[in-house]
Amino acid sequence: MFSLWPCLRLRPGTRVHAISRQRVHKLASLKKAATLPPKKVQSLLYPFGELEAYLDRSVDWTQFKLFHPSLEDMVKAEKLFYSSPSHKIDYYISAERMEHVPALKQPEVCFIGRSNVGKSSLIKGLFSLTPEVEVRVSKTPGHTKKMNFFRVGKVFTIVDMPGYGHRAPKDFVDMVEPYLYTRKNLVRTFLLVDGSVGLQKADLIALEMCEEIRRPYVIVVTKIDKCGHGALLTNLLNLQDVVKTQTASCFPQPFLVSSLQFCGIYLLRCFISHVTGSIRLTDTSQS
């Protein structure tokens with residue numbers, strides 16, 4: 001029977017971080033998720049697994065399981081997203097130009113995507129264990145107008161970039177491209193695509209930009225709860241074809257997430273912790 005409890009038992013001397021009750025998602029921690037039925041837990045941790053029953057056996061989906069860490073590794077990564085006096089997680093600064101960008105030495109990851117793709121909601125989900133971190137989320141597309149920097153202790157920084165497309169800042173290109181080209185401590189760019197509608201023209205342009213920069217990036221498929229399995233699989237097949245035929249710097253595995261249902265958040269936390277060198281994984285392949 002699938003259970004998280006063996007890897008969530010506290011060892012003697014382990015400190016338990018106090019979490020503010022205000023605005024904490026009911027599934028923010030793996031310990032909370034472990035109270036759900038095993039099948040539901042599996043879909044939260046590895047959301048692609050829920051789609052496998054709808055797949056044709058002739059389709060090769062191995063690239064969707066390239067990064068498949070153990071539960072222990074996910075717990076290890078989760079600890080980095082708790083704030084403490086010695087490991088402070090906070091909003092640091094916003095910037096409109098490279099000359100305003102802070103000179104930080106720790107590894108950095110950034111999130112870019114079309115306006116209203118759910119970028120700020122996803123970042124809010126990642127930081128849900130530290131609800132005092134203010135990540136502004138709006139139903140109005142184009143809410144994020146600046147590059148917003150969030151420090152995760154001294155281990156890494158997460159940057160929320162302005163959205164492109166509808167209501168994007170007029171100087172979006174002048175703001176974002178120099179950052180992507182010149183930021184030396186940027187270890188991974190996460191390009192968000194709306195899973196309910198699939199790749200759009202603006203997404204393909206952003207993908208071309210990432211390819212021109214020739215730095216590693218990852219595609220995150222958001223809002224997987226907003227459409228049926230058939231529509232989502234169709235969009236993923238199209239995405240798979242584009243990644244195979246038109247990219248060289250993109251990690252082959254897209255990460256499926258739902259900020260509302262919290263699917264895929266734990267896996268993404270673990271991947272961010274991994275690529276920033278913040279944790280050492282015991283295993284990254286499917287067991």
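Which residues of H5 are buried? They are Lys119, Ser120, Leu122, Ile123, Gly125 and Leu126, where buried means under 20% relative accessible area with a 1.4 Å probe and protein chains only.

## Basis of the model

This is a predicted model, in which local features need pLDDT of at least 70 and side-chain atom pairs count only at pLDDT 80 or more, while totals for chains, interfaces and linings use all residues. Residues are numbered from 1 along each chain as its sequence is written, and side-chain values use heavy atoms, with hydrogens and water left out.

## Helix H5 and its cover

Helices (H or I, at least four residues) and strands (E, at least two) are DSSP runs numbered from the N terminus. Helix H5 spans residues 119-126 and is mostly covered, with six of its eight residues buried. The cover over these buried residues includes strands S2 (108-113), S4 (156-160), S5 (186-194) and S6 (217-222), together with H9; contact means heavy atoms within 4.5 Å.

## The sheet

Seven strands form an open sheet with mixed pairing, in the order S1-S3-S4-S2-S5-S6-S7. Two strands pair if DSSP finds at least two bridges between them. S1 (89-95) and S7 (255-256) stand at the edges with a single partner strand each, so one side of each has no neighbour in the sheet.

S1 pairs with S3 (residues 147-152) in the antiparallel sense over six bridges. Ala95 stands opposite Met147 in S3.

## Helices across the sheet

Helix H7 (residues 201-213) lies across S2, S5 and S6 and runs at about 165° to S5. H9 lies across S2, S4, S5, S6 and S7, at about 155° to S5. Axes are lines fitted to C-alpha atoms, for helices over the stretch in contact, and angles run from 0 to 180 degrees between N-to-C directions.

## H9 against H4

Helix H4 (residues 71-79) packs with H9 (residues 265-275) at an angle of about 75°, their axes being 8 Å apart. The two are therefore roughly perpendicular, a term for angles of 65 to 115 degrees. Asp73, Met74, Ala77 and Glu78 of H4 meet Tyr266, Leu267, Arg269, Cys270 and Ser273 of H9.

## The nonpolar core

The largest nonpolar core has 90 residues, and Phe111, Phe127, Phe190 and Leu268 have the most contacts inside it. Such a core is a set of buried Ala, Val, Leu, Ile, Met, Phe, Trp, Tyr and Cys residues joined through side-chain atoms within 4.5 Å. H9 supplies the largest share of this core, eight residues.

Leaving aside residues up to four places away in sequence, Leu268 touches Phe111, Leu122, Leu126, Phe190, Val220, Phe255 and Val257.

Conventions. Angles under 35 degrees count as roughly parallel, over 145 as roughly antiparallel, 65 to 115 as roughly perpendicular and the rest as oblique. Buried means under 20% relative accessible area, exposed over 50%, partly exposed in between (1.4 Å probe, protein chains only).
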